[in-house]
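Trainee: I would like to go through the terms used for this model and see what each one rests on. Could we take them one at a time?

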Amino acid sequence: MLKMTEIKKVFRTDLVETHALRDFNLHVDEGDFVAVTGPSGSGKTTFLNIAGLLETFEGGSYQLDGEDVSHLNDKQRSQMRNEKIGFIFQSFNLIPDLDLFDNVDVPLRYRGFNAPERRKRIEQSLDLVGLANRMKHLPSQLSGGQQQRVAIARALAGEPRFLLADEPTGNLDSKMANSVMSLLQDINDRGTTIVMVTHDQELARQAKRNIYVRDGKVSELHEVSELPDAVTA
Amino acid sequence: MFSYYLRLAFKSIRRNPILSALMVAAIALGIGSSMTTITVNYLMSANPIPEKSDVLYHVQVDSWDPHNAFNDDDIPNQLTWTEATNLMAANKAMRQTAMAKTGGIIEPSDQDVKPFEASARLAFGDFFSMFNVPFLFGSSWDAEADQNRSQVIVLTKRINEQVFGGVNSVGETLSMFGTNFRVVGVLDDWQPMPKFYDVNNGAFDESEEVFIPFFLKEELELPNWGNTNCWKSPEGEGFKAFLRSECINFQMWVELPTQNDKAEYLDFLNSYVSEQKDLGRFPRPIQNRLSNVMEWMEDQEVVADDAQIMLWLSLMFLLVCLLNTIGLLLAKFTGKAAEIGLRRAVGASKGDLFFQHLVETALIGLLGGVFGLLLALVGLEGIKSLYGEFVRDLAALDFTMVLVGLVLALVSSIAAGLYPTWRACNIAPASQLKSQ
């Protein structure tokens with residue numbers, strides 16, 4: 001599903017070079033649920049951005065769904081993001097002046113679906129996250145947890161095979177975080193591959209696999225079932 | 001997707017009403033000022049008789065001073081009485097008319113209407129058919145009346161209303177220049193703009209108020225109205241000596257339907273000048289010219305220099321307004337960085353976002369264009385009050401100008417939006433998604 005081999009990423013300024021990823025290797029199978037943990041600045045988000053085709057890389061190879069992405073142009077990368085990848089962000093990233101219906105509609109517009117197909121998908125997605133009855137509400141009229149559910153609905157509306165979540169519960173209290181995590185597990189159970197970056201060890205334990213990133217490299221890779229209760233990643 | 005982008009554009013404008021209003025205002029000011037001057041220039045340079053402008057030719061011959069050209073090496077823009085009458089007598093064109101401007105006092109028979117001064121055009125009967133002059137009552141006088149120097153007159157609608165109360169006055173008698181004229185026709189509304197047939201006497205002046213046969217100039221010894229230029233003194237004293245002098249005060253137009261007709265007429269002019277040279281006149285090299293209506297407008301620089309300078313200044317002002325708009329668009333699109341990042345993440349290509357923001361820019365431009373046209377109306381009213389009655393017909397927006405205004409607003413706003421839009425599309429999505 002996702003195969004990164006010897007990936008390198010360097011951020012350069014006039015004065016300094018920062019090696020965000022060094023020989024980063026990771027293989028995620030279809031249907032997997034991987035939690036990525038690690039200290040701040042370790043390269044977790046850079047990995048996620050490269051995985052989501054939001055950033056390029058300088059060395060190594062990256063295959064997504066069997067396709068080498070290094071030679072894709074902007075339009076092809078956009079199309080692949082739209083069709084195969086769903087994003088969930090810590091800050092939800094909903095568009096404030098669009099109601100829930102229109103927010104979920106955003107990726108579908110770029111997919112080229114007709115209006116009835118879009119409506120069906122939007123209603124199904126919002127129904128899945130329990131917000132079908134609030135379609136005409138604006139994001140500001142929802143709680144943080146509900147906003148994140150809308151973001152999840154938006155990510156799922158295009159039926160991606162691959163969901164990338166960057167600290168999806170980072171802005172939520174524990175009750176809402178558990179609710180969102182439970183939703184992600186349901187989604188994974190339905191067959192969607194999930195890679196989630198988090199600082200929360202407890203949440204990471206709820207994934208199927210944990211990887212620990214340090215200094216731009218995968219330093220540990222575990223099946224969650226192998227971990228002792230108190231230690232995750 | 002266009003309707004989707006249009007909906008997003010409306011939402012985006014509502015999201016930042018002050019910033020959007022500033023952009024609309026900047027474009028409106030630029031469009032308003034430039035459309036004011038463009039309209040004046042457009043109307044000044046408009047074709048006053050599009051259906052015939054290619055077959056009507058103004059006649060010029062160089063009868064001027066052997067030592068000094070008439071004007072910067074150019075040939076005289078009017079004819080002498082001798083040339084006007086000789087060329088008319090030759091009768092070489094399909095239609096032809098020599099003409100001049102004069103004027104005098106009209107004395108209405110109705111004692112309640114006071115005598116008043118009116119301008120008059122001396123012309124041949126072909127004048128009316130050549131220039132498609134519309135008649136309300138009656139018609140032109142005929143060639144016989146031209147030759148017989150008949151005291152007939154054609155009135156404008158206004159004079160007919162003033163003297164005869166607007167009724168059909170054909171056959172009535174009108175006293176002018178102390179002489180009785182028989183009314184043969186009354187014109188309907190007619191005001192070519194510019195007044196192409198005689199730009200020497202005010203290209204944007206109103207047409208004359210009455211029309212009488214050309215030879216009455218000599219018969220009634222009518223005064224010259226308008227520009228008269230001389231390069232040597234008349235030989236003798238009195239009206240007739242002045243009339244037959246080398247002074248120029250007459251215009252002449254011919255109607256030549258084909259290029260062959262034009263070439264033949266030019267040959268005729270050259271032969272005529274050669275004959276005159278044999279008689280000791282026309283001391284300068286042969287330089288005869290036939291200019292069609294638009295060539296004549298251009299030759300005579302009907303569009304005034306100050307109007308063109310104003311046009312360029314207003315276009316510079318539009319440029320300044322657009323530079324301000326660029327700054328405001330940069331600020332607006334920078335404020336949308338998070339949304340742009342999100343749209344990139346969920347599958348929008350740079351091209352999609354470029355088109356989306358171009359639609360938004362175009363909508364702002366269109367709104368600016370609409371308000372700009374309203375400002376142009378105000379500007380044109382200002383020009384009317386500044387320059388008075390003679391620009392009344394120049395200071396008006398027609399459908400073409402409204403269309404030009406909207407297209408100018410659209411094109412200039414899109415041009416202004418290219419850089420901000422390009423910048424917006426190149427925002428790194430990853431940085432925006434994390435930082436929100």
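Mentor: Start with burial: a residue is buried if 20 or more other C-beta atoms lie within 10 Å of its own, exposed if 12 or fewer, and partly exposed in between, with C-beta atoms placed from the backbone. Helices (H or I, at least four residues) and strands (E, at least two) are DSSP runs, numbered from the N terminus. In helix 11 of chain B, the buried residues are Ser314(B), Leu318(B), Cys321(B), Leu322(B), Thr325(B), Leu328(B), Leu329(B), Lys332(B) and Phe333(B). This is a predicted model, in which local features need pLDDT of at least 70, side-chain atom pairs count only at pLDDT 80 or more, and totals for chains, interfaces and linings use all residues. Residues are numbered from 1 along each chain as its sequence is written, while chains are lettered from A and ligands numbered from 1 in the order in which they are written.

Trainee: What makes the span of helix 11 of chain B close to the expected one?

Mentor: The expected span is 1.5 Å times one less than the number of residues. Helix 11 (residues 305-335) has 31 residues, and its first and last C-alpha atoms are 45 Å apart, close to the 45 Å expected.

Trainee: Why is Phe57(A) called buried?

Mentor: Phe57(A) has 22 other C-beta atoms within 10 Å, so it is buried. Its place is the loop between helix 1 and strand 4 (59-64) of chain A. Two residues are in contact if their C-beta atoms, placed from the backbone, lie within 7 Å. Leaving aside neighbours within four places in sequence, Phe57(A) is in contact with Ile7(A), Lys8(A), Lys9(A), Ile50(A) and Tyr62(A). The C-alpha atoms of Phe57(A) and Lys8(A) are separated by 6.0 Å, although the two are 49 residues apart along the chain.

Trainee: Why do Glu167(A) and Phe177(B) count as buried?

Mentor: Glu167(A) has 21 C-beta neighbours inside 10 Å and therefore counts as buried. Phe177(B) has 20 other C-beta atoms within 10 Å, so it is buried too. Phi is near 50 degrees in Glu167(A), a positive value in a residue other than glycine, and near 55 degrees in Phe177(B), again positive. Glu167(A) is in the loop between strand 7 (162-166) and helix 6 (174-189) of chain A; Phe177(B) is in the loop between strand 6 (173-176) and strand 7 of chain B.

Trainee: What makes a set of residues a nonpolar core?

Mentor: The members are buried Ala, Val, Leu, Ile, Met, Phe, Trp, Tyr and Cys residues joined through C-beta atoms within 7 Å. The largest such core has 104 residues, and Val36(A), Ala153(A), Leu164(A) and Ile27(B) touch the most other members. Helix 13 (residues 350-387) of chain B gives the largest share, 10 residues. A second, separate core of 66 residues includes Val163(B), Met176(B), Phe214(B) and Val302(B).

Trainee: How many residues does each chain bring to the contact?

Mentor: Chain A brings 22 residues and chain B 21. Helix 2 of chain A gives the most to the chain A side, with six residues.
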